[in-house]
Amino acid sequence: MINARQIVNLRTGAAGRVKFVNYPKIENYRVPLLLILLHVPLGLLLYRSTSLALIHPLAVLITGLYFAVRRDAELEKVAYVAAYIIGAEVLWRMAQAEIYWEFGKYAVALIMIVALVRRSRWNLPKWPLIFLVLLIPACLSTMFADGLSDAKDKLSFNMSGPFLLFVSCWFFSHVQITLLQLKKLLIYITIPLVSVAFVSLFYTVTIENIDFFNDSNYIVSGGFGPNQVSSMLGMGVFLILASYLLFKNGFKDTAILSLCALLFAAQSVLTFSRGGMYNAIGATLAVAIFQMRDLRKNIKRLVPLFGLGLVFLLMLFPYLDDFTGGALQTRFEDTGTTGRTEIVEADFRIFYENPILGAGVGEARDLREAYFGKAVAAHTEFARIMAEHGLLGIFALCCLFLGVVHRLQKSRTDVGKALTIGVVAWSSLFMLSAGMRLAAPAFLWGLSFVTMLVQASRRNIVGNRKVSTVTGPDLFF
């Protein structure tokens, strides 16, 4: 009888035999549920306490470094802490924590690098490495033109995202996780978003006479940037919907995740920033296409997804539209890009003027004034890379997507392929509308490099027989 914790690596060896790996110990699956409940009031506490708003991110960073330096700690634990930082980054910005603005990106990169170096994992993924190397000449151009002291802010703002993307790909290329561990990883990203959603809800219901116009709303975004709040809450919706498609969830798991998804979706649309939900829908469709090819086998996994969609469209959205006096529907019927198209056009013109090495990292901001009418930061990462890195930037983007193709070819499971295409789709959509202002797109892109493990059943024992899986315990119960 195979132990329920025994798992199999789907990458077969030269002899075509299935490799078994023993998962050493039972995990406490109630911890994520407890953390969700604790994060209901945490956001408001961070808002009201400057000290707590500083202690919280530092404590999380120390926890991540603790697991990173311990060689006996699994890389999965480092990944859990990094995932939590991804979800908490916008919360810390909302609470105006007295930390460096790019703290989330550098904190995740730091604990990942320490963990890899501590374990002597020096093998670097080829395509992400080439991607990063091709972006370096434009960095040097900026340093020579502006001097190191003036260039450091431009480099930090624009290059911290690509740097984290490379580090994340490097880290996850050395991580092997089970389906249950992947489910926990996605949940750890969404846990801090509970605080983000409740802070936004608190401001929505306690502030009187909120005026809703056909524009992003800072008040119902907790007083912070609606674009970032909407995008992160939309990411939470995507990860929960993806979990319906990727995993076999019990009723209690589905109920808890559904309540979180409805809360995230409601607060995301109320920001009047449309990108969050658009990104979530697009990425979920990408997962469904790859995971639902055997529709008869997976039809049950679509039931909670469709049920949640009907509840939102038929009940929640009409209520929110009435709450906003009809402004919400008007906003989502508007197909305008709020200046993003014009900024991309300006980036094309800057590229034509600087086709080889580009304008230099951060230099396109001021150059856009000649074409857009004012100096403005890029909202589309792909256009920014083209304008500021030139042809080398275009080659870098090609390498980035070649890495995705390589991962899809190496993946031996539908879950692995669906995960890869889903996280890359969400990251790409985020970068189309919000650049790399947050650590989330870089982290999720790197997650496409993870190696999937599944629990073994009795049929895995003999030679080359087809791999079959058994359902593991629920996440929360």
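Buried means under 20% relative accessible area, exposed over 50% and partly exposed in between, with a 1.4 Å probe and protein chains only. This is a predicted model, in which local features need pLDDT of at least 70, side-chain atom pairs count only at pLDDT 80 or more, and totals for chains, interfaces and linings use all residues. Residues are numbered from 1 along each chain as its sequence is written, and side-chain values use heavy atoms, with hydrogens and water left out.

**Chain overview**
- The chain holds 18 helices and four strands, taken as DSSP runs numbered from the N terminus (helices H or I, at least four residues; strands E, at least two).
- Of the 477 residues in the chain, 57% are buried.
- Among contacts (heavy atoms within 4.5 Å) with a separation of 6 or more, 79% are between residues 24 or more positions apart.

**Helices H10 and H17**
- Helix H10 (residues 275–291) packs with helix H17 (residues 414–434) at an angle of about 160 degrees, and their axes are 8 Å apart.
- Axes are lines fitted to C-alpha atoms, for helices over the stretch in contact, and angles between N-to-C directions run from 0 to 180 degrees.
- The crossing of H10 and H17 is right-handed, meaning that the near helix is turned clockwise from the far one by less than a right angle, and anticlockwise if left-handed.
- Residues of H10 in this contact include Tyr278, Ala283 and Phe290, and those of H17 include Ile421, Trp426 and Leu429.
- By class, the contact of H10 with H17 has 13 nonpolar, five polar and two charged residues; Ala, Val, Leu, Ile, Met, Phe, Trp, Tyr, Cys and Pro count as nonpolar, Asp, Glu, Lys and Arg as charged, and the others, Gly among them, as polar.

**Ser230**
- Ser230 is in helix H8 (residues 226–246) and counts as buried at 0% relative accessibility.
- The side chains of Ser230 and Ser268 form a polar contact of 3.2 Å, that is, a pair of N or O atoms within 3.5 Å; within protein, one must be able to donate a hydrogen and the other to accept it, and residues adjacent in sequence count only if both atoms are side-chain atoms.
- Leaving aside residues up to four places away in sequence, Ser230 touches Ser268, Thr271, Ser273, Gly275 and Gly276.

**Positive phi in loops**
- Gln96, not a glycine, has a positive phi near 55 degrees.
- Gln96 lies in the loop between helix H3 (75–94) and helix H4 (103–118) and is exposed, with a relative accessible area of 67%.
- Phe272 has a positive phi of about 65 degrees and sits in the loop between helix H9 (251–270) and H10.
- Phe272 is buried, at 0% relative accessibility.
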